[in-house]
Every structure is written in C-alpha cells, then in structure tokens.
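This report is meant for a reader who is meeting the structure for the first time.

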Amino acid sequence: MSIQVRIPTVLRKHTGDQATVQASGTTLAQVIDDIDARHPGFRAAVVSEDGALHRFINVYVNDEDVRFLESLQTPLKDGDTVSVLPAVAGG
Amino acid sequence: MRDLSEEQVHRYARHIILPEVGGEGQRRLMDSKVLVVGAGGLGSPVALYLAAAGVGTLGLVDDDLVELTNLQRQILHGTSDIGRPKVESGRDTIAHVNPEVEVRTHLVRLGSGNAMDILAGYDLVVDGSDNFPTRYLANDAARMGGLPLVTGAIFQFEGQVTVFDPRVDVSPCYRCLFPNPPPPGSVPNCAQAGVFGVLAGVVGCIQATEAIKVLTGIGRPLVGSLLLYDALEMSFTKVRVVRDERCPLCGPEPSITSLIDYEHFCGVNT
C-alpha cells in the first residue's frame, strides 16, 4: 500500500522539509502513525489529545474532506493522495 | 444600467470584445460595488485589477499605515507612501489607474460594531485580511448580509482561494471549511514566518478573477471548491468544500446569529 501524503509548508518541519512523503496503511490513522514512526511529532501536529483531527487542520483523501467521510478511520487504497491543509490567515 | 461613453468603449475595448463579457458585462462591472477587506498583499492586486476592469465602486477597509516592510509585496503602495494610511495610498493609486472608479475609504478595523454597516453598501466582498478574527468576521457579516465573499489567504509559499456565495443553495461558508481557528500561538503570522512577495500577486489575481466572474455571471466560480497553490512546486490543486449541516452559521440550526468580536475568541492580538 503506497499512499502519497502532501505536507504543507507549516508542517514540513515535522517531515524533514519534505513536501510529499510516501506512507503505508489502510486507514488515515494508520498512515499518520506510519509517518509519525519515521518523523516523531507529526501525529501531534495533526491529531489532538482527544484522538481526533485538529479542528483547524483539514485532511483530504484525493479531493474529499475526511470530516465528511470517516475522519481518521477513512479507508485508503493504493495510489490515494492525502493532503494535509491547515487554515492560514496571511494576506 | 448606464450607457458606455466613447472613452469607456475604448478603455474597456479588450473586455467588451470578449463575447463572455461584452457591453452588458462591462456595464455590470461599472454598476458593481466591491469591498476589499485589507489593502495589503492580497488587497493590492485585487484593487488594482478590479479598478482597471472598471468596477464602479471600490471600498477599501484597513486601519494600517504603510510600512517599509510592506513594499516587497503590497503594490498599491510606494516608497513615498510610508507612514500614510493604506486606504489613502490605495485610493490615490486606484485614481491613477482608473479615475472613473469611485473609491470609498474605511480607515477602521472591521469589527462586530461596524461590519454590517460597512458591508451594507456593497455587492461583493473580497477578503484579503491578515488575521483569523477578521476572516471569521468577514465571513459571518457577508453571510448575514447575503453577499458573495471571495476569500484568499497566503502563508510563506502557499495560497488558498475559494468563493462563498449565499445566493447559491449549496454554497458552504468559511466555518464549513474551517470550523475553528487555530489556538493562539500555534500558527506563525507572515511577520514571523515570512511570505513570498509575488505569492500575494498570484493569489490576489485569482481572487480578482473570481470577483469579476461572479459580478458578470460568467464561468464557474470556485463555489464548493478550494484552490490550493504551491509556488515552490508550481502546483494548483482543487479540493471540495462541502456545506456542513452542523455549521453554526449557515447550517439549518444556526447558533451564531449576531457578529462576535473574535479577538477574545481567538485570544490573539493582531
């Protein structure tokens, strides 16, 4: 299972400055755990202490917001793209 | 609708000759009133292109003064404008580009006490502000006023643009996209983290594009879609933005029915 995960600038400090990382897993939670195993701190950047995704960070599987799918339990398949998107306010 | 003068036919000839715009589209632009929130990095290209396109009335709302550090990206302002209110510098620049445009300057910070009054005179709002409290406030006020909102935001090398249009049944709002602002201190601002100057130009021009499309009724605006731009990767990606049935503002059972000052809510001084 190869999932491409797109990392926004603000979170690249958690992925060794990589804009995209490859990860494996059959759910979004597993993919986040897989990245966190290699880049400790990544999970805490996207998942809050109560175990849910941070409300100010959106995660998309392909072009769908996982809040409207199954959140962290959203199933993933080979070739899916996960995009992590924080709210930004600069103007 | 007003008739075009001979000079106007010449000034806007390259738009009028486009079948999608034509004389009717041009008159719609000239009859339109657009409020630009923030006369900074995004507001600069938005205001310049809307002025050049002949939008009849442009409002600028900003309480800031021009600083030297702004000039790397805020192209409404020049070196001799340092220390002047941005709305006054912007008014002068717009007058130079197109003296037909009526500019209304609002030298205030958009707040719960003034937002509905300021928005009341306009047909469309473009948000180019630089902080979360203003973004939530502009969203709430535009939604309550029934006005389309073209929102754009930038950070370092990345930008986001989308359109919220309460006149479209399925249109989400900013709170559907981002239900909660980040906790204070969790996200650096542009002053702390830097911003690629020309990024503001690209994202602001996309906002101006969307504003003109909405005003003239052409094409498919970014309603229900969020455009993501990464300048380093030179990639444009679109993701879906869905109207949230649980949205406290535009959902079927709204809990937000009046404007709130979000400085306290967000806990940041911007």
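Helices, as the word is used here, are DSSP runs of at least four residues, and they are numbered from the N terminus. The model described below is a predicted one.

## Helix H4 of chain B

Helix H4 of chain B spans residues 43-53 and is mostly covered, with nine of its eleven residues buried. Among the buried residues of H4(B) are Pro45(B), Val46(B), Ala47(B), Leu48(B) and Leu50(B). Directly after H4(B) comes Gly54(B), whose phi is positive, near 90°.

## The largest nonpolar core

The largest nonpolar core has 93 residues, and those touching the most other members are Val34(B), Val36(B), Ala47(B), Leu50(B), Leu58(B), Val125(B) and Ala211(B). Helix H10 of chain B (residues 197-216) gives the most to this core, namely nine residues. Nonpolar side chains tend to be buried together in soluble globular proteins.

Which residues is Ala211(B) in contact with, once its neighbours within four places in sequence are left aside? They are Val34(B), Leu50(B), Leu124(B), Val126(B) and Val150(B).

Chain A contains an open sheet of five strands in the order E2-E1-E5-E3-E4, and the pairing is mixed. Its edge strands are E2 (20-23) and E4 (64-65) of chain A, each of which pairs on one side only. Strand E1 of chain A (residues 3-6) and E2(A) run antiparallel and are joined by four bridges, and the bridge partner of Ile3(A) in E2(A) is Ala23(A).

Helix H1 of chain A (residues 28-38) lies across E1, E2, E3 (57-61) and E5 (81-86) of chain A, and runs at about 110° to E2(A).

## Arg43 of chain A

Arg43(A) lies in helix H2 of chain A, which covers residues 42-46. Is Arg43(A) buried or partly exposed? It has 16 other C-beta atoms within 10 Å, and Arg43(A) is therefore partly exposed. Not counting residues up to four places away in sequence, Arg43(A) touches Ile32(A), Asp33(A) and Asp36(A). Arg43(A) and Ile32(A) are eleven residues apart in sequence, yet 6.0 Å apart in space from C-alpha to C-alpha.

## Where the two chains meet

In the contact between the chains, 34 residues of chain B meet 19 residues of chain A. On the side of chain B that touches chain A, at least two residues each come from H7, E5, E6 (158-164) and E8 (235-240) of chain B, and the largest share, four residues, comes from E8(B). The residues of this side of chain B divide into 16 nonpolar, twelve polar and six charged.

Key. Residues are numbered from 1 along each chain as its sequence is written. Chains are lettered from A and ligands numbered from 1 in the order in which they are written. This is a predicted model: local features need pLDDT of at least 70, side-chain atom pairs count only at pLDDT 80 or more; totals for chains, interfaces and linings use all residues. Two strands pair if DSSP finds at least two bridges between them. Two residues are in contact if their C-beta atoms, placed from the backbone, lie within 7 Å. Axes are lines fitted to C-alpha atoms, for helices over the stretch in contact, and angles run from 0 to 180 degrees between N-to-C directions. Ala, Val, Leu, Ile, Met, Phe, Trp, Tyr, Cys and Pro count as nonpolar, Asp, Glu, Lys and Arg as charged, and the others, Gly among them, as polar. A nonpolar core is a set of buried Ala, Val, Leu, Ile, Met, Phe, Trp, Tyr and Cys residues joined through C-beta atoms within 7 Å. A residue is buried if 20 or more other C-beta atoms lie within 10 Å of its own, exposed if 12 or fewer, and partly exposed in between; C-beta atoms are placed from the backbone.
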